[in-house]
Amino acid sequence: LGRTNIEVPVLGIGGIPLQRPAEDEALEVVCAAVDIGIKLIDTARGYGDSETIIGKALARNRPSDVAVCTKSPKPDGESMRAEIETSLSNLGVECIDLYQCHSVRDQEQLDQILGPGGALEALRKAQDEGLVKHVGMTSHRFDAMRAAIETGEFETIMAQYSFMDTDAA
């Protein structure tokens, strides 16, 4: 997965749809996904209760090779640290495999993330503390992704890819 050492198949499960069904049904979906061999579970702080649902499902059954990924749009370090701690609690894990700066829109936001007191600083500290293994970024904007890649700071860049929503620019 990107420049991480995480090995995953092509398919994973995402947290956005877990907001729609009742919690017991969402738990069944996550457990079934793990049972059939899904090795990547991706969610975000902004996806309703999906982190909590995933955490409950993983408490039932989490093979050691399932990578848990989440993300937050908070660009400053103090807010990102709070998000990391909330994610750890919600997911019921001691370490998150991949934490991503979420939905980076432009150079200004990227500069804030990378600058002194920015989100990247909090993520690096969390890495040093063993709370986060890898750091990535997500965006729907090609120019923001290109700028992020050029920094060399992120191990993954998640791009929007959807037949339903072709507005990425």
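Student: Which strand gives the largest share of the lining of the largest pocket?

Tutor: Strand 6 does, with four residues. This is a predicted model, in which local features need pLDDT of at least 70 and side-chain atom pairs count only at pLDDT 80 or more, while totals for chains, interfaces and linings use all residues. Residues are numbered from 1 along each chain as its sequence is written, and side-chain values use heavy atoms, without hydrogens and water.

Student: What makes a residue part of the lining of a pocket?

Tutor: A lining residue has an atom within 4 Å of a pocket point; on a 1 Å grid over the protein atoms alone, a pocket is an open set of points where a 1.4 Å probe fits, with protein on both sides within 12 Å along at least five of seven lines. Of the 29 residues that line the largest pocket, the closest to its centre are Gly14, Asp42, Lys71, Met158 and Ala159.

Student: Why are strand 1 and strand 6 at the edges of the sheet?

Tutor: The open sheet has six strands in the order 1-2-3-4-5-6, with parallel pairing. Strand 1 (13–14) and strand 6 (156–159) each have a single partner strand, so one side of each lacks a neighbour in the sheet. A strand is a DSSP run (E) of at least two residues, and a helix one (H or I) of at least four.

Student: What makes strand 5 and strand 6 a pair?

Tutor: Pairing needs at least two DSSP bridges, and four join strand 5 (residues 132–139) to strand 6. Ser139 stands opposite Ala159 in strand 6.

Student: Why is the contact between Arg62 and Asp97 called a salt bridge?

Tutor: The term requires a side-chain nitrogen of Lys or Arg within 4 Å of a carboxyl oxygen of Asp or Glu. Arg62 and Asp97 have N to O at 3.0 Å, so the pair meets that cut-off. Arg62 lies in the loop between helix 2 (50–60) and strand 3, Asp97 in strand 4, 35 residues apart.

Student: Why does Asp97 count as buried?

Tutor: Buried means under 20% relative accessible area, exposed over 50%, and partly exposed in between (1.4 Å probe, protein chains only). Asp97 has 7%, so it counts as buried.

Student: What separates Arg81 and Glu85 along helix 3?

Tutor: They are four residues apart in helix 3 (residues 77–91), which is about one helical turn.
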